[in-house]
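Please walk me through this structure.

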2 protein chains.
Amino acid sequence: MGGGRAGITLGRMTSYDAPSTVTATAQAARTAAAAIAPLPRSAKDTALLAVADALEARTSEIVEANAVDTAKAAAAGTSETVIDRLTLTPDRVRAIASDVRDVAALPDPVGEVVRGSTLPNGIDLRQIRVPLGVVGIIYEARPNVTVDAAALCLKSGNAVLLRGSSSAYASNTALVGILRDAVVSAGLPADAIQLVPGESRDSVRELMRARGLVDVLIPRGGASLIKTVVEESIVPVIETGTGNCHVYVDAQADLAMAVDILVNSKAQRPSVCNSAETLLVHRDIAAAFLPLALDALADAGVTVHGDGEVLSYAEGTKVTALPATDEDWAAEYLSYDIAAAVVDSLDDAVTHIRRWTSGHTEAIVTTSQAAARRFTQLVDSTTVAVNASTRFTDGGQFGFGAEIGISTQKLHARGPMGLPELTSTKYIVTGDGHVR
Amino acid sequence: MGGGRAGITLGRMTSYDAPSTVTATAQAARTAAAAIAPLPRSAKDTALLAVADALEARTSEIVEANAVDTAKAAAAGTSETVIDRLTLTPDRVRAIASDVRDVAALPDPVGEVVRGSTLPNGIDLRQIRVPLGVVGIIYEARPNVTVDAAALCLKSGNAVLLRGSSSAYASNTALVGILRDAVVSAGLPADAIQLVPGESRDSVRELMRARGLVDVLIPRGGASLIKTVVEESIVPVIETGTGNCHVYVDAQADLAMAVDILVNSKAQRPSVCNSAETLLVHRDIAAAFLPLALDALADAGVTVHGDGEVLSYAEGTKVTALPATDEDWAAEYLSYDIAAAVVDSLDDAVTHIRRWTSGHTEAIVTTSQAAARRFTQLVDSTTVAVNASTRFTDGGQFGFGAEIGISTQKLHARGPMGLPELTSTKYIVTGDGHVR
């Protein structure tokens, strides 16, 4: 989820790590990756259960280390929201351990036969899922991601390089130490899980140059971090998370349903990437829908940034309304704000969306089958919702059991990424001496 | 296939194209991509058949334009092999048109439901294949690729930007003109197929910066071109083609089968990426196998670059043998040369392969089920062949009907890429007013 904004930004160099260090870490990860790639599910699940047990048994160590980070953050005047995200309590550690057990219970993607056939010449062809190899995760000040990402990578047979925020360094160091002990106790190599050394930005730069050692980088965090990694990395990147999501209310729509979906999409949890940021309303339903919708948004504490027509409807309602500019159409507010416009047609809504969307999730509310069909065909985003909230774009909601992030790019993975998205494939060609 | 070495290298700037030109081309492609993405198969197939008919009807134009390129190449002292690849005859144009009809006959990947389920809350979830959008192909002096790539992109609902070699510029200009006329005659936008303007290297650089306009770049050609694109592009890249392929003859192997597979892998068509470049032989079979193998390689005209043991076996045979260096283990010869070494075990063969392979294709020849299983588990390449030639790694051989290239990377596509590999996916979430 793309909610967090704390932590990593790539600015001026503040300290220096010996360049060999990240590279040495990546080389160790590569060796570990080769060792864990062929492991059967049982070996990996045993390690995951050992991790969960160790997290619970060593909770006090984790909470103590975390207190160092939160004290530092408080002294630095960090906002309460960010400190809350950073904080680990015994209850939260228990919840994290429980998530690891859930990952152990998921099917193993490795070895799945994706395609298979016997060719006309009698060769047996199989395409099977294999681990990616070494996965690098660059993320913000959420220590739960440290464990989640490690668990998902281990389950999918990958070695992981964790580059968390420097503001969570003590917590991450404690957590990764415990994870490594646990996987070793289960007979797996410790270097399958490593923290990227150094608190400075240079370690991120080194990761981005480690092509041939690191197979993929997944940046999770603010838009500027993601942009930097996408533009500067020569290691392949999966772009995650920015969500400028739209709700379009069609000419024919159930008004109460449309209000529910709008308010849920915007206000159920505004800080996450699948919350709605723009409302588009068909002109034919605007007079009936907007007064209801604007009052409902007001009740949910939402401020509206509207075009001229929306502002004129707002006058008779409780809502706080401001004139929208191009910045509003482009904004991922992640707050109790929404941009809103009246459009002349479904196609105009699609044109607006194509121009401004980040390609995450767009919803249509309509009773028309033709409109639903046209909208889902024309909108090119990871997820198109018909008569459902934008908030469903989520690995947990989709039944994947876990999520490493939401890809907003088109290559490799698009939308919520579960375990299969952490794999590649290889072809096995079996013959009896076949030649061409 | 990675055979060609002619054409594009990214060197010093030799002339200048207005920066707006490539960008304008990409923007036009983007608009065309939105128009063709939702088209049903019948509309795309009609256009493809119109393309095939037009190529045949206008063969003389094509051959005339091609004569300009081949004359220029001959005047520049280009090698005959390269000129042969560049040459279009009426027969070759007919073959190209026939390939286009074959593409029309393939199933449409767009719209395929990859996953689908009803979630516990009643939401219907479908993951469907959609076009990538705008695909950029950067390739060498093979004008047949111009038509092949355009046909595969059109069939998969993508707009294509073709950046061929400057040495095929007249041919490509004629071909793309004919392709555009044909798609327009079928009611599709001409800008679905465009030649990237300009003969200079700057147009490649501009393509690599066109993130947001171009969805993927596929470089096909020499290793230095591919390396440059991979390292410098901020548009996502699919790396293709370098093939340092290995044949490993296990301790237990049918000798005649092993000789057949070795000679076929090396010598059936040495200039292509799936030909073998290194032979590894288990010590226990070396004395029985190598004398036969080296004579067979000699008969096929192959020079062996061997380690000390291979050289000692070579003495009693007809083969020309030279001492191997690290450069030989790394080499993609693409010629009648092969590196050869004796190894102590299957695991040592795997270690050698992991160190030197480009990750394309490795074959084992063995009668042992355990050895076959271990080799396929431990070797991490796009394709592992058991008792079959490395030459089978090919979209046509795999039954894909067509191939846009062979990916040697792990993200998105690995191995031969057919039509499904030219697509992304999107999720459709359908509810009845569902909220969280």
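**A guided walk through the structure**

C245(A) counts as buried because its relative accessibility is 0%; buried means under 20% relative accessible area, exposed over 50%, and partly exposed in between, with a 1.4 Å probe and protein chains only. C245(A) is in no disulfide, and the nearest cysteine sulfur, in C273(A), is 6.9 Å away. A disulfide here is a pair of cysteine sulfur atoms within 2.5 Å. In general, a disulfide is a covalent bond between the sulfur atoms of two cysteines. Over all chains, the structure holds 0 disulfides. For C153(A), the closest cysteine sulfur is that of C273(A), at 19 Å, which is too far for a bond. C153(A) is buried too, with a relative accessible area of 0%.

This is a predicted model, in which local features need pLDDT of at least 70, side-chain atom pairs count only at pLDDT 80 or more, and totals for chains, interfaces and linings use all residues. Residues are numbered from 1 along each chain as its sequence is written, chains are lettered from A and ligands numbered from 1 in the order in which they are written, and side-chain values use heavy atoms, with hydrogens and water left out.

Now turn to the two chains. In general, two copies of a chain are related by a rotation about an axis and a shift along it. Contact means heavy atoms within 4.5 Å.

Strands (E, at least two residues) and helices (H or I, at least four) are DSSP runs, numbered from the N terminus. Two strands pair if DSSP finds at least two bridges between them. Angles run from 0 to 180 degrees between N-to-C directions, and axes are lines fitted to C-alpha atoms, for helices over the stretch in contact.

Follow β13(A) through this sheet. Strand β12 (residues 361–365) of chain A pairs with strand β13 (residues 383–388) of chain A in the parallel sense, over 4 bridges. I364(A) stands opposite V386(A), and A363(A) has A385(A) as its bridge partner. Together with helix α15 (residues 369–378) of chain A, β12(A) and β13(A) make a right-handed β-α-β unit. β13(A) also runs parallel to strand β16 (residues 423–434) of chain B, joined by 5 bridges. There, T383(A) has Y427(B) as its bridge partner. β13(A) is mostly covered, with 6 of its 6 residues buried.

In general, most residues other than glycine have a negative phi. N387(A), found in strand β13 of chain A, has a positive phi of about 55 degrees although it is not a glycine. N387(A) is buried, with a relative accessible area of 11%. As for the handedness named above, a crossover is right-handed if, with the strands pointing away from the viewer, the path from the first strand over the helix to the second runs clockwise.

A second sheet lies within chain B. Its 4 strands form an open sheet in the order β5-β4-β3-β6, and the pairing is parallel. β5 (193–195) and β6 (216–219) of chain B stand at the edges, each with a single partner strand, so one side of each lacks a neighbour in the sheet. The twist averages 20 degrees from one strand to the next. Strand β3 (residues 134–138) of chain B runs parallel to β6(B), and 4 bridges join them. V135(B) stands opposite V216(B) in β6(B). Helix α6 (residues 143–155) of chain B packs on the sheet, where it touches β3, β4 (159–163) and β5 of chain B.
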